[in-house]
Amino acid sequence: MTVTEEQATQPELEAGDPAEVDDTSVHMTQERTIELLLERSKRANRTVPIRRDFLQLGKAPNTEPGALRSLVASRQERALDLYLLVAAVTGGGDYSVTEWSATWARTIGVFDEKTGPSAVSRAWKALKDLDLITTARGKGRRTTVTKRLEDGSGNYMPPGTGEPYLQLPFEYWEHGLHTTLTLPGKAMYLIALAQRRPHKDRRFPLTHARISQWYGLAERTVANGIKDLIEHGVLQQDGFEYYETLAVPSGRAPRPLYALREPFHHRGLPVPALKDSSE
């Protein structure tokens, strides 16, 4: 039976209402499902730590793209969405979560009782192929999903001292970025969150060619992702800087700098001032 989100948000019947209860009215909304999952995570700082290994493996100059590249290249947007939620809710113990497939299906906006679990199963497979999770049969016909290290090398443990990681804020879900951003926009948001300079400048460059090389994304994907973030008020251009290059006669060329806007900014860094769009 196909259940639309509109049907899933119908009000509860009052006690004694003679109308029959339609089983399409008992489905929780996508937003409320995600809200309850995030509440259960009990993360005091309301952010999700994700090692940079998910974006890029190795250390400069010997680096290569991480799992994000594979998910974007194969257009596994639902797998990325589920991975980020699993990363959020598995905050301790054995870093696992046990839920029905129907629950996860609602988080990606699929309410059909047949296609929902199938969509979730395909997403789990994509993540298992990258060694990002494991799955096992749980209680009550639920599935237990266990998070692995972001590079797929072993059992999960929180980032240690000195390990580079980004912090994905809960506002990503609370402000609906998980549904409004495109796949390139989601990828570039994670990459933007990883751009922390040693001197803690809130601004950073997003040079298309370098981002493409470092993270394995097509330059068109990088450009579309940046545009998507700007259009949705997540990112803003904030000045320029000069950098050294032999590609121009002078040896120095300008490139734009960007900053993440509140509340999607780097935690612990200054919040960029909003610019007047009329200027």
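Predicted model: local features only at pLDDT ≥ 70, side-chain atom pairs only at ≥ 80, totals over all residues.
Reader: OK, how much space is in the largest pocket?
Author: The largest pocket holds about 630 Å³ of space, where a pocket is an open set of points on a 1 Å grid over the protein atoms alone where a 1.4 Å probe fits, with protein on both sides within 12 Å along at least five of seven lines. The volume is the space filled by probe spheres set on points joined across faces, edges and corners.

Reader: Which residues lie nearest its centre?
Author: Arg52, Gln56, Ala60, Thr63 and Tyr215 do, out of the 28 residues that line the largest pocket, lining residues being those with an atom within 4 Å of a point. The elements giving two or more residues to that lining are β2 (56–59), β3 (62–65), β8 (204–205) and α10 (208–215).

Reader: Which of those gives the most?
Author: That is α10, which supplies five residues to the lining of the largest pocket.

Reader: What about the second largest pocket, how big is that one?
Author: Its volume is about 190 Å³, and its lining includes His27, Val110, Phe111, Asp112 and Glu113. Both α5 (101–107) and α6 (115–129) supply at least two residues of this lining, and α5 gives the most, with four.

Reader: Switching to sheets, which strands pair with β6?
Author: Strand β4 (residues 96–99) pairs with β6 (residues 143–147) in the antiparallel sense over four bridges, and β5 (residues 133–137) also pairs with β6 in the antiparallel sense, over five bridges. Strands pair if DSSP finds at least two bridges between them.

Reader: What stands opposite Ser96 and Thr135?
Author: Ser96 stands opposite Thr146 in β6, while Thr135 stands opposite Val145 in β6.

Reader: And how many residues are between the strands in the hairpin of β5 and β6?
Author: That hairpin has five residues between the strands, and Gly140 takes a positive phi near 60° there.

Technical notes:
Residues numbered from 1 in each chain as written. Heavy atoms only, no water.
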